[in-house]
Amino acid sequence: MKITLENFEKDYIDPVEQQQIDHFVCCEMGRQIHRYIKAMSGSKQTMLKFEERLSTMSREEKEEAIARYIDLNRKALKGCDLKMILARSIANYCDTYQYFLEFTRNSRKVFYYYQRLKAKYLRFHEVFEENGKFGIIDHAGKVIVSAQYDFLRTPYIYVDDLMLMPIIAEKDGKFGLILPDYKETVVADFVYDDIALRDESPYFEATIGKKKGYIGRDGQFTEK
């Protein structure tokens with residue numbers, strides 16, 4: 001499309017502007033997760049761990065990590081006003097109040113960035129059923145876990161370090177843990193009679209025969 005003075009404001013998105021607003025939105029979303037962690041645990045060490053993990057990532061990696069965090073901890077969105085996050089990001093980008101007013105009066109542009117924000121950070125997976133078995137697809141419809149399990153329990157739990165959490169799965173009458181990594185990597189073998197989710201580490205409580213204990217997210221079983 002040819003850019004002219006007449007269609008510039010209406011049809012054109014400046015790539016530098018977009019890059020900067022993406023940056024400020026990412027910072028604001030990180031701040032939102034930071035506040036959530038603080039409210040959940042009150043641990044300075046936990047917040048520092050979160051900040052340290054993010055600090056080693058590119059902006060694109062941070063976007064993916066934060067989106068995955070929100071997917072597993074959807075309570076982080078409670079009290080999160082996405083429009084306010086966008087408004088703060090636009091304000092950070094604009095160098096004068098007058099420019100900020102002109103920007104926010106452009107409803108088409110604001111709507112574009114609002115949809116962009118949601119597309120980047122609200123990426124929810126879903127459990128699906130096929131021939132009586134269960135699997136998981138990501139926000140784009142790509143299969144994360146194939147439909148070969150009798151039961152799946154996705155880990156909607158509080159995690160603070162952006163690590164990928166295992167999923168409780170049942171196959172052939174036994175429970176195990178697998179990773180939602182598109183490879184179905186087995187973390188804990190399918191030998192358990194039951195696995196239940198906990199709100200804190202170790203995140204899984206398990207029963208195997210007469211033994212009861214805990215499974216860490218590394219798959220190691222520790223008897224009570």
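This is a short tour of some strands, aromatic rings and charged side chains, with something to select at each stop. Keep in mind as you go that the model is predicted.

**Stop 1**

Start by selecting residues 194-197, which are strand S8, together with residues 221-223, which are strand S11. These are the edge strands of the sheet, and each pairs on one side only. The sheet is open and has 4 strands, in the order S8-S9-S10-S11, with antiparallel pairing. From one strand to the next, the twist averages 30°.

**Stop 1: an enclosed strand**

Next, select residues 167-171, strand S5. Here 4 of the 5 residues are buried, so the strand is largely enclosed by the rest of the structure.

Strand S5 has antiparallel partners to look at. Show residues 151-153, strand S4, which 3 bridges join to S5; in this pairing Leu152 stands opposite Ala169. Then show residues 174-178, strand S6, which pairs with S5 over 5 bridges. There, Lys171 stands opposite Lys174.

S5 and S6 form a hairpin, with 2 residues between them. Click on Asp172 in the turn: this residue has a positive phi of about 55°.

**Stop 2: a group of rings**

The structure holds 10 aromatic pairs. To see some of the rings, select Tyr93, Tyr99, Phe103, Tyr112 and Tyr113, which form one aromatic cluster.

Look at Tyr93 and Phe103 to begin with. Their ring centres are 6.4 Å apart and their planes meet at 70°, so this pair is edge-to-face. Tyr93 belongs to helix H5 (residues 82-93) and Phe103 to helix H6 (residues 97-105), so the pair ties together parts that are 10 residues apart in sequence. Both Tyr93 and Phe103 are buried.

Turn to Tyr99 and Phe103. Their rings are also edge-to-face, because the centres lie 6.4 Å apart with the planes at 70°. Being 4 residues apart in helix H6, Tyr99 and Phe103 are separated by about one helical turn. Are they buried or partly exposed? Tyr99 counts as partly exposed, at 29% relative accessibility, while Phe103 counts as buried, at 3%.

**Stop 3: charges over rings**

Finish with Arg74 and Phe124: the charged end of Arg74 sits over the ring of Phe124, 4.3 Å from its centre. Then select Lys83 and Tyr114, where Lys83 lies over the face of Tyr114, at 6.0 Å from the ring centre.

Methods
Residues numbered from 1 in each chain as written. Predicted model: local features only at pLDDT ≥ 70, side-chain atom pairs only at ≥ 80, totals over all residues. Heavy atoms only, no water. Pairing = 2+ DSSP bridges. Axes fitted to C-alpha atoms, helices over the stretch in contact; angles between N-to-C directions. Buried < 20%, exposed > 50% of the residue type's maximum accessible area, 1.4 Å probe, protein only. Phe/Tyr/Trp six-rings, centres within 6.5 Å; stacked < 30°, edge-to-face > 60°. Lys NZ or Arg CZ within 6 Å of the ring centre and 35° of its normal.
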